[in-house]
Amino acid sequence: MTRRRDVLRTGAVAVGGALAGCSFLESGTQPSESVGTEPVATGFTAPLGMETVGDGRFLIADQSGQVYQVDADGQRSRPVLDLRDRMVTLNPGYDERGLLGIAVGPNFAERRRLFVRYSAPLRPGMPDGYSHTFVLSSFAVDESFQADPSSERIVLEIAEPQANHNAGSITFGPDGFLYVGVGDGGGGNDVGRGHVSDWYDRNDGGNGQDVTENLLGSILRIDVREGAGGNGRAYGIPDDNPLVGRGGLDEHYAWGFRNPWRFSFTDGRLFVADVGQNRFEEVSIVDRGGNYGWNVREGAHCFSTDDPGAPPESCPTETDDGTPLQEPIVEYPHDGDGVSGISVIGGYYYTGGIGPLAGRYVFGDYRAEGTIFTASEPDDGGLWNLSRVNLETASGDPPGPNLLAFGRDTEGRLYVLTTGSGGPEGASGAVHRLVAV
């Protein structure tokens with residue numbers, strides 16, 4: 001099995017047990033369909049983020065630390081931004097650190113700031129024994145699409161206890177605020193160094209369930225407009241964030257996540273994929289103030305830190321203060337017939353005209369093997385209906401076997417970002433557009 005399994009989910013341990021009425025089989029796995037692929041840009045190491053910047057141009061984030069511009073003439077050889085001298089040294093065999101996300105704001109044409117999420121060495125004053133620093137910052141970009149390395153503005157830094165579960169997605173919502181994915185701190189089970197206690201005494205640890213001690217295991221929502229900061233922060237807090245005026249850290253928008261790997265908005269709905277421990281992968285539609293369950297459960301199933309291989313048959317469906325644990329819209333296992341895999345890769349709800357994708361949430365798994373998945377919303381609620389979609393080569397070389405991310409351009413067309421490597425090495429990374437066949 002490819003080592004990238006460890007990159008997205010190091011420390012995985014088998015689990016069992018289920019909540020009543022929650023099974024991937026009930027989501028209605030459908031027969032396979034097909035879409036085509038055509039290459040757009042190649043030669044990356046591990047492309048895992050795409051942002052459109054207008055006029056048919058977009059930016060690609062490469063885990064190795066560079067941001068590249070791609071336009072009608074293909075990929076520019078000179079990177080827009082190179083962060084390698086600011087990052088930790090990556091393990092070429094596998095690594096969950098690196099350049100993990102990029103975003104441009106809705107006013108990019110005027111403000112011209114590129115936001116980036118990368119892994120830096122541990123800063124002075126951070127806890128001894130921690131792994132590295134989560135960095136969210138922005139850079140000025142000129143009219144020729146070159147970033148000024150001296151223009152970096154640090155927005156947020158977080159001490160990361162372990163090297164894995166770093167999430168990395170950042171995106172601007174329709175409200176103009178920046179949404180930031182943060183993993184649970186790494187290791188396994190959400191326990192150990194840097195993992196605090198929570199309300200669920202049956203399980204140790206619980207950054208996913210904690211909202212008072214740190215920002216780990218959550219989706220954050222912050223205001224990064226000029227002049228929005230204050231009180232020692234380089235960002236502002238939206239007044240309607242769920243914990244403003246209540247107990248907890250104001251940056252939290254939603255919590256209960258293990259390793260949210262890619263999220264996106266469509267028609268105001270926030271779709272978040274969360275990588276599972278060892279047994280189940282999940283996708284949720286995330287609402288303000290929602291709690292999505294980790295580490296009380298994995299997907300829609302109970303979870304045990306003491307015995308992940310034999311979790312309890314039952315577990316809470318709400319916190320001790322009555323807040324419900326939200327159900328996913330998608331859950332699939334790591335083996336068995338139908339849709340399965342090892343590390344979910346979040347995508348987009350597709351509103352275009354390619355038949356097998358139209359009106360469905362399009363996503364996939366790291367172990368792509370020439371396929372992606374779709375989920376269609378049922379009329380009666382509950383888990384969405386799943387389909388496997390085969391990728392056929394419409395032109396050029398096919399995508400790599402390992403799926404890292406999806407992209408969407410201003411016309412709503414979708415892209416797959418893949419690699420042939422199990423870690424951040426080589427030049428097998430590629431970007432392909434999905435087309436009808």
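Reply: The model is predicted, so local features are taken at pLDDT of at least 70 and side-chain atom pairs only at pLDDT 80 or more, while totals for chains, interfaces and linings use all residues. Numbering runs from 1 along each chain as its sequence is written, and side-chain values use heavy atoms, without hydrogens or water.

The largest pocket has a volume of about 830 Å³. A pocket is an open set of points on a 1 Å grid where a 1.4 Å probe fits, with protein on both sides within 12 Å along at least five of seven lines; lining residues have an atom within 4 Å of a point. The volume is the space filled by probe spheres set on the points.

The lining of the largest pocket has 40 residues, and those closest to its centre are Glu51, Thr52, Thr171, Tyr348 and Arg408. Several elements (DSSP runs: helices H or I of at least four residues, strands E of at least two) each supply at least two lining residues: strand 2 (47–54), strand 7 (99–104), helix 2 (108–111), strand 11 (170–172), strand 15 (260–266), strand 21 (344–350) and strand 25 (402–408). Strand 2 gives the largest share of this lining, seven residues.

The second largest pocket holds about 290 Å³. Its lining is made of 17 residues, and Gln209, Val211, Trp255, Thr319 and Asp321 lie nearest the centre.

Beyond its neighbours within four places in sequence, Leu357 is in contact (heavy atoms within 4.5 Å) with Val35, Tyr350, Val362, Ile372, Thr374, Val389 and Leu434.

Cys302 is joined to Cys315, with S to S at 2.3 Å. The torsion about this S-S bond is about -90°, so the disulfide is left-handed. Cys302 sits in strand 19 (residues 301–302) and Cys315 in the loop between strand 19 and strand 20 (330–333), so the pair ties together parts 13 residues apart in sequence. Both cysteines count as buried: Cys302 because its relative accessibility is 0%, and Cys315 because its value is 11%.

The peptide bond that joins Trp294 and Asn295 is cis, with omega about 5°; Asn295 is in the loop between strand 17 (280–286) and strand 18 (297–298). Arg112 is not a glycine, yet its phi is positive, about 55°. Arg112 belongs to the loop between helix 2 and strand 8 (113–120), and it counts as buried at 11% relative accessibility. Asn189 has a positive phi as well, near 75°. The loop between strand 12 (178–182) and strand 13 (218–222) contains Asn189, which counts as buried at 12% relative accessibility.

How values were computed: Disulfide = S-S within 2.5 Å. Buried < 20%, exposed > 50% of the residue type's maximum accessible area, 1.4 Å probe, protein only.
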